[in-house]
Amino acid sequence: MRPSVILVVDDSLTVRKITGRLLSNEGYNVVVAKDGVEALEKLQEQRPDVMITDVEMPRMDGFDLTKNVREDASLKGLPIIMITSRTAEKHRQHASELGVDVFLGKPYEESELLGHIATLARR
């Protein structure tokens, strides 16, 4: 069985590196993008099994990225995990309305993130 591909979208190089290393160590293939615009470009090249995105990013934030993915017929079923420091109920609600599968606040438990990825990647 091929390893699942995870797209990590975050404007923080540190977050991309740490998350990428965590996922690589778990046997996942990791693709990274620094914002929503770059993520949409990567999604044209390859469809990942799960996308992890931050909310606050330049050029295109996580909410707009999610909206674009859900409006694309070929991508609308892509599982999305949103990780953000914006944990107010209005942000959680907005993410849910846009179709985010899992909403995690920062800091998150690595084991919790890995559990969500394992479940979503199997879908």
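Modeller: Ground rules come first: this is a predicted model, where local features need pLDDT of at least 70, side-chain atom pairs count only at pLDDT 80 or more, and totals for chains, interfaces and linings use all residues. Residues are numbered from 1 along each chain as its sequence is written, and side-chain values use heavy atoms, with hydrogens and water left out.

Biologist: At roughly what angle do the axes of helix H2 and helix H3 cross?

Modeller: Helices (H or I, at least four residues) and strands (E, at least two) are DSSP runs, numbered from the N terminus. Axes are lines fitted to C-alpha atoms, for helices over the stretch in contact, and angles run from 0 to 180 degrees between N-to-C directions. H2 covers residues 36–45 and H3 residues 62–71; their axes come within 9 Å. They cross at roughly 25°.

Biologist: Are H2 and H3 roughly parallel or roughly antiparallel?

Modeller: Angles under 35 degrees count as roughly parallel, over 145 as roughly antiparallel, 65 to 115 as roughly perpendicular and the rest as oblique. The crossing angle of H2 and H3 is roughly 25°. H2 and H3 are therefore roughly parallel.

Biologist: Which residues of H3 meet H2?

Modeller: Contact means heavy atoms within 4.5 Å. On the H2 side stand Gly36, Ala39, Leu40 and Leu43. Their partners in H3 are Leu65, Asn68 and Val69.

Biologist: Is the crossing of H3 and H4 left-handed or right-handed?

Modeller: H4 spans residues 89–98, and its axis comes within 9 Å of that of H3, crossing at roughly 15°. A crossing is left-handed if the near helix is turned anticlockwise from the far one by less than a right angle, and right-handed if clockwise. The crossing of H3 and H4 is left-handed.

Biologist: What is the strand order in the open sheet?

Modeller: Two strands pair if DSSP finds at least two bridges between them. Five strands make up the sheet, with parallel pairing. Its order is E2-E1-E3-E4-E5.

Biologist: Which strands are the edge strands?

Modeller: An edge strand of this sheet pairs on one side only. That holds for strand E2 (29–33) and strand E5 (102–105).

Biologist: Which residue in E4 stands opposite Ile52?

Modeller: Strand E3 (residues 50–53) and strand E4 (residues 80–84) run parallel, joined by three bridges. Opposite Ile52 stands Ile81.

Biologist: What pattern does the chain follow along the sequence?

Modeller: The chain has five helices and five strands. Read along the sequence, they give β-α-β-α-β-α-β-α-β-α.
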